[in-house]
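Student: I'd like to learn how to read a structure like this one, feature by feature. Can we go through it together?

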Amino acid sequence: MSSILHKYFSEMDIDVSWYKKCSHEKITTSNSEFDDLRKIVNKCEQCDLYKTRNKTVFGSGPLDSKIMIIGEAPGKDEDEQGEPFIGRAGKLLDAFLQSINLGREKVFITNTVKCRPPDNRNPSLDELNKCSSFLTSQINAIKPKVLILLGKVAANNILENESPMSDLRQKSFFIDKYDAPAIVFYHPAYILRSPLKKSEVWEDLKYLNNILKEHVC
Ligand code: URA
């Protein structure tokens with residue numbers, strides 16, 4: 001279904017979520033095209049983050065993943081090993097996913113920027129903008145059925161808004177250009193710092209699980 005038709009039905013309050021479910025085979029980019037993109041990212045010097053990085057963190061997971069998880073930026077462990085979400089936040093993310101029967105082998109995980117910002121500061125607007133074409137190419141290649149955005153930085157960047165987390169949680173944002181809904185979830189690093197939020201995380205996981213059941217076969 002075209003995104004215009006989707007919008008039209010949505011505006012009329014007609015639920016068309018059933019349509020996307022298993023509606024078409026995914027036509028994915030070839031592995032070699034994806035590897036070419038990885039090589040370009042590895043050599044990228046578009047912003048200053050290349051000066052302090054050890055390794056770029058392109059992302060990992062199967063090219064035909066139906067679910068794509070997008071975090072903020074690599075941290076220390078990720079920068080050392082070149083893999084996303086392998087530190088403490090990654091372990092907590094794995095636990096969240098496992099609680100709804102999702103293993104890493106089923107998802108593609110990446111970040112809004114592919115290099116670690118010094119001292120784990122938030123990526124600047126300039127860094128986000130310069131890296132955004134890589135993320136767009138990854139989403140277009142993988143064609144996920146659902147995007148999961150971790151934390152406010154990733155959510156504001158991809159949804160092109162400045163909304164606080166309180167306005168973003170437990171909502172589905174249909175992104176026309178990716179023909180897929182995006183769900184915003186607390187960043188696991190935030191939960192490590194704010195353990196009292198764990199009960200909200202459970203509510204969010206239930207919401208996410210329902211969306212995945214609706215859109216992912
Ligand atoms: N935090 C992120 O946003 N991404 C990672 O890869 C690791 C920690």
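This is a predicted model: local features need pLDDT of at least 70, side-chain atom pairs count only at pLDDT 80 or more; totals for chains, interfaces and linings use all residues.

Student: Okay, overall picture then. How many helices and strands are there in the chain?

Tutor: The chain has 11 helices and five strands. Of its 217 residues, 46% count as buried. The chain exposes about 11400 Å², and carbon and sulfur atoms supply 51% of that.

Student: And what share of the contacts with a separation of 6 or more comes from residues 24 or more positions apart?

Tutor: That share is 72%.

Student: Now the helix pair. What do I look at when two helices pack?

Tutor: Two packed helices are described by the angle between their axes and the distance between the axes. Here, take helix α3 (residues 31–42) and helix α7 (residues 125–142): their axes come within 11 Å and cross at roughly 165°. An angle over 145 degrees counts as roughly antiparallel, so α3 and α7 are roughly antiparallel to each other. The crossing of α3 and α7 is left-handed.

Student: Which residues make the contact between α3 and α7?

Tutor: On the α3 side you've got Phe34, Leu37, Ile40 and Val41, and α7 brings Phe134, Ser137, Gln138, Ala141 and Ile142.

Student: Next, backbone angles. What's the general idea with phi?

Tutor: Most residues other than glycine have a negative phi. Asn101 isn't a glycine, yet its phi is positive, about 60°. Asp179 also has a positive phi, near 50°, and is a residue other than glycine.

Student: Where are Asn101 and Asp179 found?

Tutor: Both are in loops: Asn101 in the one between α6 (88–99) and β2 (107–111), Asp179 in the one between β4 (172–175) and β5 (180–185).

Student: Is Asn101 buried or exposed, and why?

Tutor: The cut-off for exposed is over 50% relative accessible area. Asn101 counts as exposed because its relative accessibility is 66%. Asp179, with a relative accessible area of 25%, is partly exposed.

Technical notes. Residues are numbered from 1 along each chain as its sequence is written. Side-chain values use heavy atoms; hydrogens and water are left out. Helices (H or I, at least four residues) and strands (E, at least two) are DSSP runs, numbered from the N terminus. Buried means under 20% relative accessible area, exposed over 50%, partly exposed in between (1.4 Å probe, protein chains only). Contact means heavy atoms within 4.5 Å. Accessible areas come from the Shrake-Rupley method with a 1.4 Å probe; for residues, only the protein chains shown count as cover. Axes are lines fitted to C-alpha atoms, for helices over the stretch in contact, and angles run from 0 to 180 degrees between N-to-C directions. Angles under 35 degrees count as roughly parallel, over 145 as roughly antiparallel, 65 to 115 as roughly perpendicular and the rest as oblique. A crossing is left-handed if the near helix is turned anticlockwise from the far one by less than a right angle, and right-handed if clockwise.
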